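Good morning. Please look at the sequence and the structure as they come up.

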Amino acid sequence: MSEKRTSLFENGLIWFGAGVSIAEILTGTYLASLGMKKGLAAILLGHLIGCVLLFLAGAIGGKVRKSAMETVKISFGQKGSLLFALLNVIQLVGWTAIMIYDGALAANQAVGVGNWVWCLVIGGLIILWLVIGITNLGKLNTVAMAALFILTLILCKVIFFGDYHAASVAADGLTFGAAVELAVAMPLSWLPLISDYTREAKEPVKATAVSAVVYGVISCWMYLIGMGAAIYTGESDIAQIMVKAGLGIVGLLIIIFSTVTTTFLDAYSAGISSETLSHKLNGKYIAIVVTIVGALAAIVYPMDNITDFLYLIGSVFAPMIAIQIGDFFLLKEDHSEKEIQISNMILWVIGFVLYRMLMKVDLPVGNTLPDMVITMVLCLIWGKVAGKKNK
């Protein structure tokens, strides 16, 4: 019996769902103080950088048909990859909680029955998506994405063509470079996940390209909605905009479906990454546990500002993927049979520290690109030096 593979269209739908996200809309509101022109430039530049990296990360997994964390072994060895698998599971538990929290908060603004109720509803729907499975969502995902597409068009009409006029937003100290970094951060957060889906595709590299382009376009759209909402309505709470516009149930559907389709990917990939930690673990069961933990955390803990979390993700995964790109595409190295590749682990630590240092420097292209370029150059230099020593 042949293994069921996902089509280019199905991969596009998956990443459409990833892009349509309340968290991305809320992050977009942070850019409003730059104004529409500068803010849009930051969004586009950040997503261009982030989505090129997203494609390269997915292409590695697609070419070797391995999950994202399995591909990390190519650069860091069997045990070295466990660190990143663990960090990835932790960030995905965090994302699951944040997404459920944001979704529940927004849903409760539309229909006030209590945040905890919406946390349980959203968590339950995510578990339903997980039980159905990534290769069996098919028509359900198509219907959900079509509905989301229509609903987001309605939301755009309310914000950009409603009875609003652009207002000046108080400056909050956000620089253009910091705004670019906030735009890079979202696609960067998907780097340790994308291969979990491209490996299942009939045409993995083409599916990766479709995924990166679809996600990039939709994510830019979500950022623009958030920024536009803050500029034109003076309101950073997207649920309040929906309520004021009389969207009611329509707004509620946008909130719930966008939260479920995005958070499903976080929970699913947490399960896949956990299998890297131990082959005794069942990814689907772990994904369900992650969803339950995320829902409970969303009920208990406030998660209103995620900028520090986004920067932490950048500092962990930007140098990691820089080393992977250098090894796989340029040096053609494969360390997956080794226990641990010490030199690459040291390079990653250097890249991590460098990223944190660059956060204190205002660069027009943000921190990620300079950090990755420097890390990759160091990787190539060391690769050439080590290669000569081994001759």
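Start with Cys 220, which is buried, with a relative accessible area of 15%. Keep in mind that this is a predicted model.

A disulfide is a covalent bond between the sulfur atoms of two cysteines. How many disulfides does the count come to here? It comes to 0. To be counted, a pair of cysteine sulfur atoms has to lie within 2.5 Å. For Cys 220, the nearest cysteine sulfur belongs to Cys 51 and is 6.8 Å away, and Cys 220 is in no disulfide.

Next, the helices. Two packed helices are described by the angle between their axes and the distance between the axes. Our pair is helix H13, residues 307-331, and helix H14, residues 342-358. Their axes are 9 Å apart, and the packing angle is about 140°. H13 and H14 are therefore oblique to each other. The crossing of H13 past H14 is right-handed.

Which residues make the contact? On H13 they include Tyr 311, Leu 312, Pro 319, Met 320 and Asp 327. On H14, among them are Leu 347, Trp 348, Phe 352 and Arg 356. Sorted by class, the contact between H13 and H14 has 10 nonpolar, 4 polar and 2 charged residues.

That is the end of my part.

Definitions and conventions. Residues numbered from 1 in each chain as written. Predicted model: local features only at pLDDT ≥ 70, side-chain atom pairs only at ≥ 80, totals over all residues. Heavy atoms only, no water. Axes fitted to C-alpha atoms, helices over the stretch in contact; angles between N-to-C directions. Helix = DSSP H or I, 4+ residues; strand = E, 2+ residues; numbered from the N terminus. Parallel < 35°, antiparallel > 145°, perpendicular 65-115°, else oblique. Left-handed = near helix turned anticlockwise from the far one by under 90°. Contact = heavy atoms within 4.5 Å. Nonpolar A, V, L, I, M, F, W, Y, C, P; charged D, E, K, R; others polar. Buried < 20%, exposed > 50% of the residue type's maximum accessible area, 1.4 Å probe, protein only.
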